[in-house]
Amino acid sequence: MSETYGTAAGSTEASAAGPAANATSGATIQLDGLTKRYPGNPTPAVENVSMDIKAGETVIFVGPSGCGKSTTLKMINRLIEPTSGRIRIGDEDVTTMDPVKLRRKIGYAIQSSGLFPHMTVAENIALVPKMVGWSTSRVKDRVEEMLDLVGLDPREFHGRYPRQLSGGQQQRVGVARALAADPPVLLMDEPFGAVDPITRDHLQDELIRLQHELHKTIVFVTHDFDEAIKLGDRIAVLRERSHIAQFDTPEAILTNPTDDFVSGFVGAGAALKRLNLTRVRDVGIAEFPTVSVDDPLQEIFNKLRAGAHNELLMLDRRNRPYKWLRRGDLMRARGSLARAGQLVHDTVTRDATLHDALEAVLTDSGGRVAVTGRRGEFIGVVDMHTLMDNVQELLEADRLAAMEHQHELEDLREHQTEQELEGGAGG
């Protein structure tokens, strides 16, 4: 495959010093009249899909079950061969090239990770780099780099097998494997659909963080419109046979759906769904007093008594949130903190949405949630007051936008009425 496949900061044979140093950026994708017909079925599964996807963009395919969104995705890397139409990635027509070579240049992540159970984590991640001829030392470095990139300690996870991982950890390894050979394009077919809601939220945040670092071109299939809003730069709402009902930004689809079909996907509470468009990093992350599990009890007591807050956050030895400690907890501690305080059950990352943060705050009686970094380390807190201020601003912006839209409609009706009257007078 030619090197015009994406814009590279360096050759794909450059050293794997780190994703920012030599990473290949995303490539444009053009679908032109893409159609898939299966023998014996008079109706095509996918019919005449044309779409331009920008380099480095995250595009979400969302639509009802059976509408052809996964079929369209799989035609991009030719896991399903198109009946007709063209696919261009970067400057290259890939419709007739060797499909095996094509797939080695496109990352692919699916539901339940698709890891090979007889291979270790390292062997799974190393698979494609080995296939394309990377040196042993470079593959080894890349495996460690990719594990670190998806927030898994290479020393801890390198030799594990998929069965020894949680569902969320398996999905992280699946994404690491898909990105290991530094492809410009990443295809994701409902990759987070098989995990629990909390893990799913964290995996979504992780993908957003990765995309900020890597700038790949991502095409992502989901049936969950809230997930589409959270992840997508643009969303393609698909009807039957992958006919495009609307292809636009999440903001545009929420505020101005093209028809009743798209409105049905948006559903009720469009204003509240906009909470999925604002990230925790965009609002005020506040500092919060912390102590360590290794600090003496008296030192913790003194810090709490002298501080403006009536509670502290205890961090574990890796600087991760562990327990919320209030003054009353310390009074009852009687020389030991083993059973004192409230365990931290939920955290959010900087890439979490306001919806995620608000949900976490509402399920915790303390009215705040801890914000963590890439390895779970504590960064700060977001509280209910900050979140509600931002919610109020979003709702007010929506109210003003609705009023403006209403005025535009009234002006249009007046203009149409004037034209009709002038036409009648002229007749």
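## Overall architecture

Residues 24 or more positions apart account for 63% of the contacts in the protein with a separation of 6 or more. The model from which this figure derives is predicted. Its secondary structure consists of 16 helices and 17 strands.

Of the 427 residues, 47% count as buried. The protein exposes about 20,600 Å², and carbon and sulfur atoms supply 50% of that area.

## Helix 2 and the residue that follows

Helix 2 spans residues 69–76, and six of its eight residues are buried, so this helix is largely enclosed by the rest of the structure. The buried residues are Lys69, Thr71, Thr72, Leu73, Met75 and Ile76.

Just after helix 2, Arg78 adopts a positive phi of about 60°. Arg78 also forms a salt bridge with Glu81, in which the closest N and O atoms are 3.0 Å apart.

## The surroundings of Ile87

Ile87 belongs to strand 4, which covers residues 84–89. With a relative accessibility of 0%, Ile87 counts as buried. When residues up to four places away in sequence are not counted, Ile87 touches Gln30, Leu31, Leu34, Met75, Ile76, Arg78, Pro82, Glu92, Asp93, Val94 and Thr95.

## Salt bridges across the chain

A search of the whole structure finds 26 salt bridges. One of them joins Glu47 and Arg241, with the closest N and O atoms 3.0 Å apart. Glu47 lies in strand 2 (residues 46–53) and Arg241 in the loop between strand 9 (234–238) and strand 10 (244–248), so the pair ties together parts that are 194 residues apart in sequence.

A second bridge brings together the side chains of Asp182 and Lys216, at an N to O distance of 2.4 Å. This pair links distant parts of the chain, 34 residues apart: Asp182 is in the loop between helix 7 (167–179) and strand 7 (185–189), while Lys216 is in the loop between helix 8 (197–214) and strand 8 (217–222). Asp182 and Lys216 are both buried. Elsewhere, salt bridges that share partners join Asp148, Arg172, Glu206, Arg209, Glu213, Arg374 and Arg375 into one network.

## Positive phi values in two loops

Asp182 has a positive phi of about 60° although it is not a glycine. This residue sits in the loop between helix 7 and strand 7 and, with a relative accessible area of 9%, is classed as buried.

His215 also has a positive phi, near 60°, and is likewise a residue other than glycine. His215 is located in the loop between helix 8 and strand 8, the loop that also holds Lys216, the salt-bridge partner of Asp182. With a relative accessible area of 44%, His215 is partly exposed.

## Exposed and charged positions

Thr136 lies in helix 5, which comprises residues 136–149. Its relative accessibility is 71%, and Thr136 therefore counts as exposed. Thr136 and Ala126 are ten residues apart along the chain, and their C-alpha atoms are separated by 9.5 Å.

A negative surface patch is formed by Glu404, Glu408, Glu410, Asp411, Glu414, Glu418 and Glu422. Of these residues, Asp411 is placed in helix 16, which runs over residues 384–426. As background to the arrangement of side chains on such an element, an α-helix has 3.6 residues a turn, so residues three or four places apart point the same way.

Methods:
Residues are numbered from 1 along each chain as its sequence is written. This is a predicted model: local features need pLDDT of at least 70, side-chain atom pairs count only at pLDDT 80 or more; totals for chains, interfaces and linings use all residues. Side-chain values use heavy atoms; hydrogens and water are left out. Helices (H or I, at least four residues) and strands (E, at least two) are DSSP runs, numbered from the N terminus. Buried means under 20% relative accessible area, exposed over 50%, partly exposed in between (1.4 Å probe, protein chains only). Contact means heavy atoms within 4.5 Å. Patches are made of residues with over 30% relative accessible area and no salt bridge: like charges are joined within 9 Å, nonpolar side chains (Val, Leu, Ile, Met, Phe, Trp, Tyr) within 5 Å. Accessible areas come from the Shrake-Rupley method with a 1.4 Å probe; for residues, only the protein chains shown count as cover. A salt bridge is a side-chain nitrogen of Lys or Arg within 4 Å of a carboxyl oxygen of Asp or Glu. Lys and Arg count as positive and Asp and Glu as negative; His and the chain ends are not counted. The place of a charge is taken as NZ of Lys, CZ of Arg, CG of Asp or CD of Glu.
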